[in-house]
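Please open the structure in your viewer and keep the selection panel at hand. The tour below goes from stop to stop, saying what to select and what can be found there.

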Amino acid sequence: MALGACSSSTTTVAPAGAAAPATPTGSLVVFAATSLTDAFNKIGEEFKAAHPGVTVKFNYNGSSSLATQITQGAPADVFASASPTNMKTVTDQNLASTTPKIFTANQGEIMVEAGNPSHIKSLSDLANPALKVVTCAPQVPCGALATQIFKNAGVTVKPVSQEQNVGGVVTKVTLGEADAGIVYVTDVKANGTKTAGVTIPANENNTTNYPIAEVKGAPNPTAASAFISFVLGSSGQQVLKSLGFLPPAS
Amino acid sequence: MLDADIQLRLSRLSLDVAFTVAAGEVLALLGPNASGKSTTLRALTGLLPLDGGRVVLDGTVLEDPAQRVKVAPEKRPIALMFQDYLLFPHLSAVENVAFGLRCRGTDKKTAREKALQVLERLDLAAAAESRPGSMSGGQQQRVAMARALVTDPRLLLLDEPLAALDVSVKTSVRRLLRDALRQSSAANILVTHDLVDAVALGDRMIIIEDGAIVQTGTPAEVTARPRSSYVADLTGVNLLRGTAHGTVLDLDGGGRLSCASPGAGPSFAVIAPAAVAVSRERPEGQAEGDAGGQTGGTPGGEEVNTWRGRVSAVDLMGDRVRVRIEGTPAIMAEVPPAAVDRLKLDEGGDLWAYLSPAAITTYPR
Amino acid sequence: MLSGKLRFNPLTTVLAGLAALFFIFPLIGLITGAPWGHITSVITSRTAVQALELSIIASLSSTAIALLFGFPLAWLLARGQFPGKGVLRGLTTLPMVLPPVVGGIALLLAYGRRGFIGRPLESATGLTLPFSLAGVVVAESFVAMPFFVITVESGLRSMNRRLEDAARSLGASRRTVFLRVTLPLIWPSLAAGTVLTWARALGEFGATITFAGNLPGVTQTMPLAIYISQSSNMTDEAIALSLILVLVSLVVMVFRRDRSGAQ
C-alpha cells in the first residue's frame with residue numbers, strides 16, 4: 001500500500017496539481033474552525049468525489065477548543081484554524097508535522113436581524129447601550145477579531161454575551177435575542193436571508209489569516225496531505241471564494 | 001353518652017348501623033373482616049363523612065348530613081387507639097402523650113407534666129424520653145393508651161388495640177386497659193376479633209356482618225345464644241337453623257332433631273360439640289341405609305338423636321379433638337384423643353352421631 | 001434493630017472499592033494537575049471571584065425557587081387525584097432527560113425576547129431574561145427543580161399517612177398536622193432534595209450559556225468560566241477554578257451528611 005510514502009522524510013505539502021505519492025484511502029479526521037463549516041463541507045464532497053476511497057469526518061468548533069483538544073491528544077489528521085494564534089498553540093507543542101500554510105482569509109462584518117430593524121449603519125451605532133450586541137469571547141479568534149475591529153474604529157462596545165464560538169453569535173442574532181453581533185463576512189453570507197449584514201469599512205476592519213497544517217502522529221498522513229493540497233489547490237480555493245472568503249493576505 | 005346512627009355507602013361496603021353507648025360503658029364490636037367495624041370507627045372520628053344518619057355525643061350533634069352539620073375531626077372530643085399504635089416516630093414517649101394536650105391549647109410545661117403523670121401510672125416513667133422505635137410492643141401500646149386517655153375524651157375508640165401483642169404480654173396489657181377503661185367516664189367502643197377481649201373488656205357486644213348489626217347483647221347472652229355463624233365459630237359451638245314444632249325441630253338443611261324443650265316457628269339450635277358422641281356401629285334398632293336424623297333406642301331406653309354421617313376433618317386442638325362430620329345435618333363433635341385411635345377416625349369413612357335432646361338449646365330466630 | 005458489623009463479602013467489597021476509586025481518581029487528577037505554584041493569583045483573580053459570586057448567588061436563588069414552587073408540585077403529584085397526573089409528572093421531569101443545551105433553546109423560544117412569553121413580558125415590563133442574572137436563575141431552576149420534585153414526591157408517598165389521621169384525631173388542625181407531623185416525617189427527603197437541586201444548579205452549563213449567555217460579572221458562572229478557560233487552552237486556570245467548585249461542593253455535602261448521621 002502506501003508504506004513508501006509514509007516513511008518519506010519530506011514533510012512539505014505537495015505543490016498544487018502534482019500527483020500525490022500514493023492514493024489516499026480510509027478515514028480522515030479534519031478539525032476545522034466553526035466559520036469553515038459550509039466551505040469545508042463542500043470541499044469535503046469534492047474531495048471525496050476525487051478520492052472515492054476516503055471518508056472525511058469534520059469536527060467543527062471554536063479554534064481555541066480545537067487547539068486544546070489536539071494538545072490533549074485528540075486523533076486529528078488536519079487542523080484548520082481561524083487564526084494563526086491558535087495554530088501557534090499547536091506548533092508550540094511541536095504537534096504540527098508540516099509548516100502551517102495560510103489557505104484563506106476572512107474579515108469581520110456586523111450581523112443584524114433581517115431587515116435591520118435597529119437601523120444599524122456603522123460600528124459606532126453599536127456603542128448604543130440600548131442595543132444588545134453579542135461577540136465571541138476574546139480568547140476565541142472571532143472574539144479577538146471583534147476586539148481589534150472596535151479598537152480600529154475607536155468605539156467602546158459592551159457586549160451582553162461573549163460566545164464560545166461564532167456559531168453562538170449567529171444563533172443569538174438569528175433568534176432575535178441579540179440586535180447585532182460581530183461575525184465573519186462568510187457567516188453573513190452563509191446565513192442567507194435569515195439575517196442581514198452591515199459592511200465594516202476597510203480602515204476599521206481586520207483580516208485574519210486561516211492556517212492549515214497536518215497534525216503530528218496523524219492516523220492517516222497520506223489522506224491528510226492530499227486534503228491539504230486540495231484545499232490549497234484550485235478546487236478548494238474556488239469553493240472558498242464563492243462563499244465569501246478572501247485570498248490569503250500576505 | 002353516644003347516640004350513633006351511621007349510614008355510609010362505599011365501593012365495597014354499604015354500612016347501616018345504629019347503637020348507643022352510655023358514659024363509662026364499653027361496647028365491643030365484633031364481626032368478620034371487611035364487615036364495617038373499622039369503617040364505623042372512622043365515621044365516628046369524622047374522617048369519613050356520613051351519607052345519612054346522625055351522630056350525637058353528650059348532647060352535641062357531631063354530624064347530621066340532612067342538616068349539613070359536620071364537626072371537623074380535630075374538634076371532636078374523641079380519642080383513638082390503633083392496632084399499629086401510630087405513635088409519632090420522631091417524638092419521644094412523653095412528647096407523643098403531650099401531643100393531644102398541646103393541640104387543644106395546653107401550654108408546653110403543663111402538658112408535659114400531665115403526660116409524665118399518666119406515663120408513671122402506666123409504669124412507663126423510665127421510657128418517657130425514648131422514641132417509639134426503641135420500645136417493645138407492649139410499651140408502645142401503653143404509650144398509645146396514655147396518649148388517648150390524657151386528653152380526657154368523651155368517646156374512646158379502640159381499634160383492635162391488643163391484636164399485635166404477644167400472648168404473654170396481652171394478658172397484662174388487657175388488665176391495664178380494663179382498669180383504665182373502668183376509671184374513665186367516657187363512652188368506649190372496642191373493635192376486636194378476639195372473643196376473650198370482648199368478654200373481658202366489654203359490657204355489651206354488637207356483631208356486625210356485611211355492614212349491618214346481626215346481634216346485640218351482653219357477652220354472656222351473645223355467646224350463649226349466637227345468632228350468626230360468625231359468633232358460633234368464635235365460641236366454637238354448633239349453630240343450626242330450623243323450624244320448631246313443639247319438641248321436633250325440622251332443620252333448614254334437611255334432617256330432624258328431637259329437643260328436650262318445646263319451641264315454635266323459625267328457631268336457632270345451639271349444640272356444644274362435646275355433647276355429640278360418635279360411633280362406628282349403628283345403634284340398635286336402626287335400619288341400615290337410613291339417612292337423616294332419627295331417634296333410636298339405646299340400651300338405656302331413652303330417646304337419642306342419631307344419624308349417619310361421614311368424617312370430613314379431624315382437628316387436634318391441644319387436649320381435645322374436633323371431628324367435622326358431613327351429613328344431614330352436618331355437625332362438629334368433640335371426642336377425647338384416645339377415640340381417634342380407637343375409632344380410626346383419621347381414616348375417614350362413615351360413622352354415626354349421637355345427640356341427646358337435652359343437649360340442644362333452641363331459641364327463636 | 002439490626003446493627004452490628006457487615007459481614008465481609010469479597011465480591012461486594014471489590015465492586016464497591018472499584019466504584020469508589022472511579023470517583024476518587026479524577027479528583028486526584030485535578031489535585032495533582034493544579035498549578036500550585038501560582039494558584040493564589042488564579043483563585044483571587046477577578047474572573048474567579050466574579051464567577052464564584054455569581055455561581056453562589058444564582059444556585060442559591062434557584063434552590064429557593066425550587067423549594068417554593070417545587071414543594072406544592074410534589075405535594076400535588078403525591079396526593080392529588082386528577083386525570084393526566086402521569087403526563088404532568090412526565091413533563092415536569094423532562095428537563096432531567098433533555099440535554100441542557102436543548103433546554104436552553106427551549107427556554108429561549110418561550111422566554112427569550114421573541115419567545116411567546118418573553119415578548120409580551122418585555123413589552124409590558126421592559127424585563128428581558130436572557131443576558132441577565134435572572135436568566136441564569138431561570139436556566140438553573142429549569143434543570144434543577146425536577147430533582148427536587150422527584151425526591152420530595154417520593155418522600156411524601158412513602159410516609160405513613162395514617163399518622164396524619166392519628167394527629168387529627170388528637171385534635172391537630174390541618175396546619176398543625178403539616179408542621180408537626182408531615183414535615184418532620186419527610187424531612188430526610190426534603191433535605192436530600194434540596195442538596196441535590198443546589199448541586200445540579202451549581203454545575204449547570206449548557207442551558208445557562210445558551211439562554212443567559214456568557215458575560216464575566218453578569219452571567220459568567222463558574223462552569224462557564226471554567227469552560228472558556230479550558231477551551232482557550234488556559235488549562236491551568238480551568239483546573240484551579242474547578243478545584244474551587246469541587247471544594248465548595250464537598251463542604252456542603254460533608255456538612256449535610258454529618259447532620260443526618262447525627263439523627
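The stops that follow begin with the chains and end with single residues.

**Chains and their contacts**

Before selecting anything, bear in mind that this is a predicted model. Chain A and chain B, by contrast, do not touch, and their nearest C-alpha atoms are 51 Å apart.

Select the contact between chains C and A, where 16 residues of chain C meet 20 residues of chain A. On the chain C side, helix H12 (residues 222–231) gives the most, with four residues, and the residues of that side divide into six nonpolar, eight polar and two charged.

Now move to the contact between chains B and C, which brings 16 residues of chain B together with 14 residues of chain C. Strand S7 (78–81) and helix H2 (93–103) of chain B each supply at least two residues of the side that touches chain C, and by class this side of chain B has ten nonpolar, four polar and two charged residues.

**Chain B as a whole**

Hide the other chains and display chain B as a cartoon, in which nine helices and 20 strands can be traced. Its C-alpha atoms fill a box of roughly 85 × 50 × 35 Å along the principal axes, and of its 365 residues, 40% are buried. Among contacts in chain B between residues at least 6 apart in sequence, 62% join residues that are at least 24 apart.

**A buried leucine in chain B**

Select B:Leu157, which lies in strand S8 (residues 155–159) of chain B. Is B:Leu157 buried or exposed? B:Leu157 counts as buried because 27 C-beta neighbours lie inside 10 Å. Leaving out residues up to four places away in sequence, B:Leu157 touches B:Leu41, B:Leu44, B:Thr45, B:Ile78, B:Leu80 and B:Ile189. If you also select B:Phe82, 75 residues away from B:Leu157 along the chain, you will find the two C-alpha atoms separated by 8.6 Å.

**The nonpolar cores**

Show all chains again and select A:Val30, A:Val78, A:Phe79, A:Phe227 and B:Val97, which are the residues with the most contacts inside the largest nonpolar core, a set of 201 residues. Helix H8 (residues 133–158) of chain C gives the most to this core, with 14 residues. Centre on A:Val78 and, setting aside neighbours within four places in sequence, look for its contacts, which include A:Val30, A:Phe31, A:Ile212 and A:Phe227. A second, separate core has 26 residues, among them B:Val237, B:Ala244, B:Cys259 and B:Phe268.

**An enclosed helix in chain A**

Select helix H3 (residues 63–71) of chain A, which is largely enclosed by the rest of the structure because seven of its nine residues are buried. The buried ones are A:Ser63, A:Ser64, A:Ser65, A:Leu66, A:Ala67, A:Thr68 and A:Ile70. What do the buried residues of this helix pack against? Their partners include strand S1 (26–33), strand S2 (54–61) and helix H5 (141–153) of chain A, together with H12 of chain C. Just after the helix, A:Gly73 takes a positive phi of about 95 degrees.

**Backbone details in the loops of chain B**

Most residues other than glycine have a negative phi, and most peptide bonds are trans. With that in mind, go to the loop between strand S4 (52–57) and strand S5 (60–64) of chain B, where B:Asp58 lies; its phi is positive, near 50 degrees. B:Asp58 counts as partly exposed, because it has 14 C-beta neighbours inside 10 Å.

B:Tyr85, in the loop between S7 and H2 of chain B, also has a positive phi, near 60 degrees, but B:Tyr85 is buried, with 21 other C-beta atoms within 10 Å.

Finish at the loop between strand S17 (320–327) and strand S18 (331–335) of chain B, where B:Pro329 is found; a cis peptide bond, with omega about 0 degrees, joins B:Thr328 to B:Pro329.

Terms used. Residues are numbered from 1 along each chain as its sequence is written. Chains are lettered from A and ligands numbered from 1 in the order in which they are written. This is a predicted model: local features need pLDDT of at least 70, side-chain atom pairs count only at pLDDT 80 or more; totals for chains, interfaces and linings use all residues. A residue is buried if 20 or more other C-beta atoms lie within 10 Å of its own, exposed if 12 or fewer, and partly exposed in between; C-beta atoms are placed from the backbone. Two residues are in contact if their C-beta atoms, placed from the backbone, lie within 7 Å. Ala, Val, Leu, Ile, Met, Phe, Trp, Tyr, Cys and Pro count as nonpolar, Asp, Glu, Lys and Arg as charged, and the others, Gly among them, as polar. A nonpolar core is a set of buried Ala, Val, Leu, Ile, Met, Phe, Trp, Tyr and Cys residues joined through C-beta atoms within 7 Å.
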